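Please look over the sequence and the model below before reading on. The report that follows describes a few selected places.

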Amino acid sequence: MWHDVRALNASASALVALTVLAGLASGVWWLSQRPMFSLRAVTVESMYGIDLRHVNELTVRNGVIGKIRGNFFTADLEQVRATFETVPWVRRATVRREWPNQLVVEVEEHEALGTWGEDGRLLSVKGDVFTANLAEADDDHALPGFDGPQGTEKEVLARFTELRSLFAPVQLAPLHLSLSSRYAWTVKLDNGMSVALGREQDRDTLKKRVQRLVGVYPQLVARLQEGRIDTIDMRYQNGLALSSAALSVPLDVTKPVKPAKKTTTPINKTTKQT
C-alpha cells in the first residue's frame, strides 16, 4: 500500500512537471511570435573592415531579403548565410542575430584578378572562379585573361604570379596565360608576343625557359630592329624558334631578298622539342 502511494505521488509530480514545461514552452513560443521580434533590418558589413565595392544595400534588398524566412528566433542562419553567398561578388558570409529584431551579415567580397575562359567568368586573386558583371570588374583597368582545365585555377594563378616576376627584367608583363588540356603553357605578353613554354618536366621547367628567353631577348630585338616578334617557341633544350613579320618570305620568290645586316651575336642551334 505504501509503495502504491509513493508511485502515485511520483506520477502526479511528473505530470505536474510536464504540465509546467508544456506551459513554459507554449509561453516561449507565444512570446517569440510577437511582432517586436519580426525581422526589421538586415545589416551588411565588411568582414575585414574594408569598404565593400560591389555588394550594397540595393543588391541585398533585391536578391536576398525576400528569401529570408522566420523572425529573430526562428530564422535559419545557415540558410541565410548560404543565400548571401549566392549573391554576385560575395565570396564568403557569416550571420549573427542582433537583439531584438536584426540580423548582421559580414561579407567577404571577391577581388577580381582577371577573366577565366571564354564564358564571361572571373578569376579572383585567391584563385576562385566566380560569375559577376564584367563591366564592374574592369572599371579600373583591363583585366588579364586566364584559361585552363577545371580544377587548375590556383595553379594557373601561381604561375601567373611567377611569370610576372620573371619577365620584369625586360619590362614585359603577361596579359594572358593559358594551360592546355595537355598541360602545356602559353603566355601572351603586353608587347603582343606569344610565348610557348610547353609542359613542365619538373618544378623549374618554366623558370629555366623564361630565364633563357629573358637572357637573349635584348639581342633578338636588336637583330630584328623595327620588326616585332609575333611568337617564340621555348620548347627546345638549347635554343628557340620565333616568327616575325620582319622575317616573312616574300610572295614573289623570283625577286631578290634584301640581305640581313651582319651581326656577331651567336644564336643557339635548335634541338628536339620537349
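Leaving aside neighbours within four places in sequence, which residues is threonine 152 in contact with? It is in contact with Trp116, Leu179 and Tyr183, where contact means heavy atoms within 4.5 Å. Threonine 152 lies in the loop between strand 7 (145-147) and helix 5, helices (H or I, at least four residues) and strands (E, at least two) being DSSP runs numbered from the N terminus.

The model is predicted, so that local features need pLDDT of at least 70 and side-chain atom pairs count only at pLDDT 80 or more, while totals for chains, interfaces and linings use all residues. Residues are numbered from 1 along each chain as its sequence is written, and side-chain values use heavy atoms, with hydrogens and water left out.

| Residue | Relative accessible area | Class |
|---|---|---|
| Threonine 152 | 4% | buried |
| Phenylalanine 73 | 39% | partly exposed |
| Arginine 69 | 56% | exposed |
| Tryptophan 99 | 56% | exposed |

Arginine 69 is found in the loop between helix 2 (57-63) and helix 3 (77-84), and, not counting residues up to four places away in sequence, arginine 69 touches Ala75, Asp76 and Gln79.

The structure holds five aromatic pairs, a pair being rings of Phe, Tyr and Trp (its six-membered ring) whose centres lie within 6.5 Å, with planes under 30 degrees apart counted as stacked, over 60 as edge-to-face and the rest as tilted. One of the pairs is formed by phenylalanine 73 and tryptophan 99, which are edge-to-face at 6.2 Å centre to centre with 75° between the planes. This pair links distant parts of the chain, since phenylalanine 73 is in the loop between helix 2 and helix 3, whereas tryptophan 99, 26 residues apart from it, is in the loop between strand 2 (90-98) and strand 3 (102-109). Phe72, Phe73 and Trp99 form one aromatic cluster.

Helix 6 (residues 205-224) has 20 residues and reaches 27 Å from its first C-alpha to its last, close to the 28 Å expected, the expected span being 1.5 Å times one less than the number of residues. The buried residues of helix 6 include Leu206, Val210, Leu213 and Tyr217, and what covers the buried residues of this helix includes helix 5 (153-167) and strand 9 (184-189). Just after helix 6, glutamine 225 takes a positive phi of about 55°.

Notes:
Buried means under 20% relative accessible area, exposed over 50%, partly exposed in between (1.4 Å probe, protein chains only).
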